[in-house]
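The reader may wish to keep the model in view throughout.

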Amino acid sequence: MANRKYIVGNWKMNGLRAQLSDIAAIAAIAANHDDADVGICPPVTLITAAVQANPDFAIGAQDCHFAESGAHTGCLSAVMLKEAGASYSILGHSERRADQQEGDAEVKAKAEAVRAAGMGVIICVGETEEERDAGQAIEIVTVQLARSFPAGASADWLTIAYEPIWAIGTGRVPEVSDVAEMHAAIRVKLGELMGQGSDAVRILYGGSMNGSNAAELLAVPNVDGGLVGGASLTAAKFAPIIEAAAEA
Ligand code: PGA
């Protein structure tokens, strides 16, 4: 049975209080499309206000430290994010892997900390363009997944996002056949890593998903939703993706 579609907006370092009205509009559209799950991960500064204004809408964080507290200037722990109102967090996004030199072991530790706080986890994996051109994409991504994979994983709280790095923010998307091949490989790897229950772990596609290509991408086997950057920043751009997910 196909999994229920899950669409998550990753706002990255975008959004001031003025954009809370977009979150409210997106939450209202999501409430009208209850055949799909929808969430937004705004900057931390907006989490509490977004949750207070939209208590039934799933607000998440974009990162989390692996420690519960301590001498980590500028960082936030899972319990802090949870207290702020986040119910899940994106982890291991390629921008963090590149900008903050996050490795797989750190992503795994973060995932376990976020789970321990009772929150959901979205782990991102993806290859560079050079790796794809060299024919290494599947090997790179499945190894990244295995090394980032948290202990005790369950579909109740774990989601995977496949995001080819070269497709993020570029307007380029892989061939549908390449998306299908990668998502199938991730599905097989999930089976090896966790056995029973792995089919229910949702695998999102991310990288230049928009209102024009969402329906086609969401129809690919093992594509259980999308992690959406640029096209999640306004309700007008995000709405057609939510609609495509509800109809998929
Ligand atoms: P994009 O970003 O949709 O703007 O390509 C996706 C992501 O990085 O999560």
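Angles under 35 degrees between two axes count as roughly parallel, those over 145 as roughly antiparallel, those from 65 to 115 as roughly perpendicular, and the rest as oblique. The model shown here is predicted. In it, helix H5, which spans residues 104-116, packs with helix H7, which spans residues 137-148. The angle between them is about 45°, and their axes lie 7 Å apart. H5 and H7 are therefore oblique to each other.

The residues that form this packing can be named on both sides. H5 contributes Asp 104, Ala 105, Val 107 and Lys 108, and these meet Gln 144, Arg 147 and Ser 148 of H7. Sorted by class, the contact of H5 with H7 comprises 2 nonpolar, 2 polar and 3 charged residues.

Attention may now turn to the ligand. It is surrounded by 13 residues, and the closest are Lys 12, His 93, Glu 163, Gly 169 and Ser 208. The shell consists of 4 nonpolar, 7 polar and 2 charged residues.

In the side chain of Lys 12, an N or O atom is 2.7 Å from a ligand oxygen. The backbone also takes part: a polar backbone atom of Gly 169 is 2.6 Å from an oxygen atom of the ligand, and one of Gly 230 is 2.8 Å from a ligand oxygen. Taken alone, the ligand exposes 290 Å², of which the protein buries 94%.

Note on methods. Residues numbered from 1 in each chain as written. Predicted model: local features only at pLDDT ≥ 70, side-chain atom pairs only at ≥ 80, totals over all residues. Heavy atoms only, no water. Near = heavy atom within 4 Å. Polar contact = N/O pair within 3.5 Å; in protein donor to acceptor, adjacent residues only side chain to side chain. Areas by Shrake-Rupley, 256 points an atom, 1.4 Å probe, with all protein chains shown as cover. Nonpolar A, V, L, I, M, F, W, Y, C, P; charged D, E, K, R; others polar. Axes fitted to C-alpha atoms, helices over the stretch in contact; angles between N-to-C directions. Helix = DSSP H or I, 4+ residues; strand = E, 2+ residues; numbered from the N terminus. Contact = heavy atoms within 4.5 Å.
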